[in-house]
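Thanks for coming. I will go through a few side-chain contacts and then stop for comments.

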Amino acid sequence: MFSSIEFNFRKRLPRRTMLRGTGVSLAIPHLSAMQSAFADPTKNQGPPKRFVAMTLGLGLHGPNLNPAEAGKEFKPSRYLKPIEDLRSSYTVISGSSHPGVGGGHKAEASILTARNVGASGGGRNSISLDQYMAKHLGGETRFPSLVLSSAGSNSPSYTDNGSMIPAQDRPSRLFDQLFVDDSPAARDQQAQRVREGRSIMDLVSDDAKRLSNSLGASDRDRMDAYFTSVRDLELRMAASEEWALRPKPKVDAKRPIDIGNGNDFVGRQRLMSDMIRLALETDSTRYIVYHLGGSGGVVPLPGVEEGYHSLSHHGLDEEKLEQLAVVETAIIAAWGDFLRSLGQTDDQGNSLLDQTSVLLTSNLGNASNHSNQNMPVLLAGGGFRHGQHLAFDTKNNYPLPNLYVSLLQDQGLPVDQFASGTSTMRGLEFKNA
């Protein structure tokens with residue numbers, strides 16, 4: 001079955017080309033977290049850190065979102081009034097964006113990567129924040145990450161090589177994936193597929209070892225790095241085989257009924273948010289992205305008569321702005337209910353919200369003119385001191401990727417940069433600092 005997989009030793013190839021040809025990527029890191037993927041559950045290791053990003057395709061109207069006052073004594077804006085009771089649990093960030101990123105709607109691809117993919121969207125992307133976390137820390141759960149959407153398969157989640165990860169948009173299928181056990185035969189089949197993948201790695205490893213005998217010292221060092229990546233990938237596969245044979249967690253919740261109306265934007269948001277909480281509560285995963293793309297039709301809310309996408313291109317028309325405010329207030333209210341549900345869920349003596357950083361943002365700071373400046377940003381939970389409005393310069397934006405460095409450090413990763421971010425976010429303090 002695998003006899004056609006071989007190295008061509010006679011042709012000189014660049015190292016990257018050779019690794020691509022074998023189907024193995026050296027970008028795979030050393031996953032020390034995977035060493036404890038099946039640690040003794042009776043030993044108290046403390047509640048884990050988690051991260052959820054909710055990204056909006058059509059932004060949020062800045063004047064209705066951002067308070068007029070900076071600091072801790074801000075008065076709640078129109079959009080923040082429904083979550084005033086959560087004030088101490090979230091931070092409003094204004095005047096920030098991704099340096100050098102443009103392209104209007106095309107910058108959806110840049111929300112979590114902070115890399116400019118150009119006005120056509122055809123530029124090469126890089127790894128997204130959630131996948132960076134999952135790559136280094138995602139090995140302790142059945143699913144290293146979940147990528148979800150309100151409709152369709154598009155997502156802002158990207159792999160190391162800049163490939164978009166398709167999203168799951170049906171809560172019912174997500175429920176099955178998380179909580180419905182496969183038949184014994186299906187489990188065995190899945191484990192066999194993993195074992196077959198490992199046998200491919202074995203063949204590649206044997207060929208590479210034979211090749212190393214004819215290499216100089218520097219090339220042998222490069223091959224050692226290659227072997228390390230192979231071993232790490234085998235650890236991933238071994239973990240996948242273990243999970244394939246394990247029963248899934250049981251929950252009291254019933255299998256959700258998908259909302260057929262594609263325009264029921266907020267209803268779909270609420271339903272998927274319930275699934276996200278269950279995924280976190282059962283520790284099925286710790287890294288989740290949920291992309292809420294823009295519905296083109298009329299959102300079924302009282303007072304809304306025009307399509308959501310049309311309302312986002314309001315041109316400062318007062319009637320459109322009022323209808324848009326109804327939709328966006330409902331989005332924030334649903335987000336607030338999600339935060340409350342996390343806050344009411346116990347996680348080893350803490351609340352799930354205390355252990356989960358929840359980011360709400362969009363690539364569009366002004367959907368009406370497709371501006372990617374002044375991105376809307378709300379951050380809740382996790383290990384941060386909240387209850388403030390960080391108001392940066394709306395004309396000379398603060399680099400939002402610095403927030404991503406803060407989020408990575410909150411997960412315990414010893415990094416000091418991500419994309420164009422070169423420090424933690426100014427004014428955002430850690431609780432334990």
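**Side-chain contacts**

Let me start with Glu 84, which is partly exposed because its relative accessibility is 30%. Bear in mind throughout that this is a predicted model. Glu 84 forms a salt bridge with Arg 87, and their closest N and O atoms are 3.1 Å apart. Is Arg 87 buried or exposed? Arg 87 has 18% relative accessibility, so it counts as buried. Arg 87 also lies over the face of Phe 74, at 3.9 Å from the ring centre.

Next, another salt bridge. Arg 340 pairs with Asp 85, with the closest N and O atoms 2.7 Å apart. Arg 340 is in helix α9, residues 318–343, and Asp 85 is in the loop between α2 and β2, so the pair ties together parts that are 255 residues apart in sequence. Asp 85 is exposed, at 53% relative accessible area.

Asp 354 and Lys 431 meet in a salt bridge as well, at 3.7 Å from N to O. This pair links distant parts of the chain, 77 residues apart: Asp 354 is in the loop between β7 and β8, and Lys 431 is in the segment after α10. Asp 354 is partly exposed, at 32%, and Lys 431 is partly exposed too, at 42%. There is also a network, in which salt bridges that share partners join Arg 50, Glu 140, Asp 283, Arg 286 and Asp 347. The count of salt bridges comes to 17.

Now the rings. How many aromatic pairs are there? The count is six. In one of them, Phe 175 and Phe 179 have ring centres 5.2 Å apart and planes at 65°; over 60 counts as edge-to-face, so that is what this pair is. Phe 175 and Phe 179 are four residues apart in helix α4, which puts about one helical turn between them. Both Phe 175 and Phe 179 are buried. Phe 392 and Tyr 398 have their ring centres 4.2 Å apart and their planes at 10°, so they are stacked. Both of these, Phe 392 and Tyr 398, are buried. Tyr 132, Tyr 404 and Phe 418 form one aromatic cluster.

Last, the backbone. Most residues other than glycine have a negative phi. Gln 348 is not a glycine, yet its phi is positive, about 55°. Gln 348 is found in the loop between β6 and β7, and it is partly exposed at 49% relative accessibility. Ala 419 also has a positive phi, about 50°, without being a glycine. Ala 419 is in the segment after α10 and is partly exposed, at 43%.

Technical notes
Residues are numbered from 1 along each chain as its sequence is written. This is a predicted model: local features need pLDDT of at least 70, side-chain atom pairs count only at pLDDT 80 or more; totals for chains, interfaces and linings use all residues. Side-chain values use heavy atoms; hydrogens and water are left out. Rings of Phe, Tyr and Trp (its six-membered ring) pair if their centres lie within 6.5 Å; planes under 30 degrees apart count as stacked, over 60 as edge-to-face and the rest as tilted. Helices (H or I, at least four residues) and strands (E, at least two) are DSSP runs, numbered from the N terminus. Buried means under 20% relative accessible area, exposed over 50%, partly exposed in between (1.4 Å probe, protein chains only). A charge sits over a ring if NZ of Lys or CZ of Arg is within 6 Å of the ring centre and within 35 degrees of the ring normal. A salt bridge is a side-chain nitrogen of Lys or Arg within 4 Å of a carboxyl oxygen of Asp or Glu.
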